[in-house]
Amino acid sequence: MKKEAISVTHEEIEEFRERGYENEDVLPKPKEKRNTSTKNFFTLWMGSIHNIPNYAAVGGFLLLGLSPFQVMLAIAISGIIVALFMSYNGRAGASYGIPFSMHLRSTYGNIGAKLPGFLRGVVAAIAWFSLQTYTGSAALLILIGKIWPGFLEIGNGMEILGITIPGLITFLVFWLMNIAIGFGGGDTLNRFTGILTPIIYIVFGAMSIWAIRVGGGLQNIMTYSLNVDTNYNTLFAMLIVISSVLAVWAAPGVSVSDFTQNAKSNEDQTKGQISGLAVGYLVFAFMSVVILIGGSLHFNGQENDVLDIINKWDSLSAIIISTLVFLSTTISTNATGNIIPAAYQLSALFPKKINYQRGVLLAGIISIFILPWKFMGEGGAIITFLNLIGALLGPVGGVMIAHYYFVKKRYINLDELYMDEDSEEGRESKYYGINGHAYIATLGGLFIVLAGQFIPSLSVISDISWIAGFVIAVVIYLFLVKFFPKEYITGITLEDETDAK
């Protein structure tokens, strides 16, 4: 399945500009701009795995009734599946140098791509950016309070829009840190993660050694068990873990072309992503379980939040270093999965008015007005909403994979993809309009998964929503393409496959 990158000439790019694609962020990248190497992809994902929400998720996995080893195994398997999905879905971006918005257009059509693109790149990305920025700022507030207790007294408890003045200050400071990395784009992120990743593994390696020591040894940790009341058998509980990890990567997974468009080659992005995610999750599986269980044994209680463990330490210097590393990984994850995709998608939706930098700023401003601290305090309404978005992205990922590999056989006609939407010739492009089969498959997968929330007999499907949505969408899409090929449809005519470059 090896396929080298397609060389896009400057003459072709200039022709696309003349058709109205003046925004550089939506144009295919020429060879000289594809500078992301295997090492860059490796450090990018290795560093993004260790963050506060991921550790919180592992705390929840331990409540499913699985043994520590079974949790580790399920997380490690998840990492391999995530790595394969990211690398395979990233091949279109690496081969043709196109961003997610154009990869999505090649599947759903220029009109059809707008809804899934908006949901992933704008709604989900900005909402998650807002939420993770607040989560990180809350950790920063605790850290500042330990170093400077008087800071917590600023304003004497007065609130602005439902948040205290110290809380608002730390939120805005942490927001600026995230925006700064977002402004720098992929190059800044590569440098940032290149420096951060070794530090992450040094710090978390030291935390793992501490946890093994205070937990009474590795054997004591591996035989640790909770008395939990659960109806899940072992295999299904492991599937829940796998699906949950996949759901975490649902958004970056579908939009991974925003990163692979800059890959030096498909080999670089494949080796970098598979090694970074598979190895990273193998190490994370061990470290996260060991740290949480070791901390629980040491402090005589079930510790599901790694920050709670850190804040109980006696050493202020250890608390500062560990918390700062967690805050840095949150920034890295926020940039990778949220602010960069949001900026690209905003520039794709409004190419004549918004470029990448303006997209970062606009997404950041909107994230403030979401007031994430209010959502966090209202029964998790924002989490429920974002879970619905995640349920949609499983089917979207399934349709993208099925279309690119099994229908189009990895061929995209860039000349037709970058059509002049205002011309008669452009409206005759096979990518013009809406791919009805893709929409039917996407909505079919979504509705079946959501049905589990209301039909008890289908509840197991909702428990593994990403896996179920992905598989269902692939089956429906391929069925429609095979048995209703003339009911048309954007981009699925096959007669030009022999013309593939």
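Arg 105 is buried, with a relative accessible area of 8%; buried stands for under 20% relative accessible area, exposed for over 50%, and partly exposed for values in between, with a 1.4 Å probe and protein chains only. This is a predicted model, in which local features need pLDDT of at least 70, side-chain atom pairs count only at pLDDT 80 or more, and totals for chains, interfaces and linings use all residues. Residues are numbered from 1 along each chain as its sequence is written, and side-chain values use heavy atoms, with hydrogens and water left out.

The side chain of Arg 105 meets that of Glu 421 in a salt bridge of 2.8 Å, N to O; a salt bridge requires a side-chain nitrogen of Lys or Arg within 4 Å of a carboxyl oxygen of Asp or Glu. Arg 105 belongs to helix H6, whereas Glu 421 is in the loop between helix H19 (414-417) and helix H20 (424-427), so the pair ties together parts that are 316 residues apart in sequence. Helices (H or I, at least four residues) and strands (E, at least two) are DSSP runs, numbered from the N terminus. Glu 421 is partly exposed, at 29% relative accessibility.

Gly 109 follows H6 and has a positive phi, near 95 degrees.

## Other salt bridges

Side chains of opposite charge can pair when their charged atoms come close. The count comes to 7 salt bridges. One of them joins Glu 15 and Arg 19 at 2.6 Å, N to O; Glu 15 is partly exposed, at 38% relative accessibility.

Glu 24 and Arg 17 also meet through their side chains in a salt bridge (2.6 Å, N to O). Glu 24 counts as partly exposed at 35% relative accessibility, and Arg 17 is partly exposed with a relative accessible area of 25%.

## Aromatic pairs and charges over rings

A search of the whole structure finds 24 aromatic pairs. Rings of Phe, Tyr and Trp (its six-membered ring) pair if their centres lie within 6.5 Å; planes under 30 degrees apart count as stacked, over 60 as edge-to-face and the rest as tilted. The ring centres of Tyr 55 and Phe 204 are 5.6 Å apart and the planes are at 20 degrees, so this pair is stacked. Tyr 55 lies in helix H3 (residues 52-61) and Phe 204 in helix H8 (residues 165-214), so the pair ties together parts that are 149 residues apart in sequence. Tyr 55 and Phe 204 are both buried.

Lys 312 lies over the face of Phe 299, at 5.5 Å from the ring centre. A charge sits over a ring if NZ of Lys or CZ of Arg is within 6 Å of the ring centre and within 35 degrees of the ring normal.

Ser 255 occupies the loop between helix H11 (250-254) and helix H12 (257-260), and at 0% relative accessibility it is buried. Ser 255 and Phe 100 are 155 residues apart in sequence, but their C-alpha atoms are 5.0 Å apart in space. Leaving aside neighbours within four places in sequence, Ser 255 is in contact (heavy atoms within 4.5 Å) with Phe 100, Arg 120 and Pro 341.

Tyr 344 is found in helix H15 (residues 316-349) and is buried, with a relative accessible area of 12%. Residues up to four places away in sequence not counted, Tyr 344 touches Asp 25, Asp 258, Gln 261 and Tyr 356.

## Loop residues with positive phi

Most residues other than glycine have a negative phi. Asn 156, which is not a glycine, has a positive phi of about 50 degrees. Asn 156 lies in the loop between helix H7 (114-147) and strand E1 (159-160), and is exposed, with a relative accessible area of 74%.

Asn 300 likewise has a positive phi, near 55 degrees. Asn 300 is placed in the loop between helix H13 (266-299) and helix H14 (306-311), and is exposed, with a relative accessible area of 71%.
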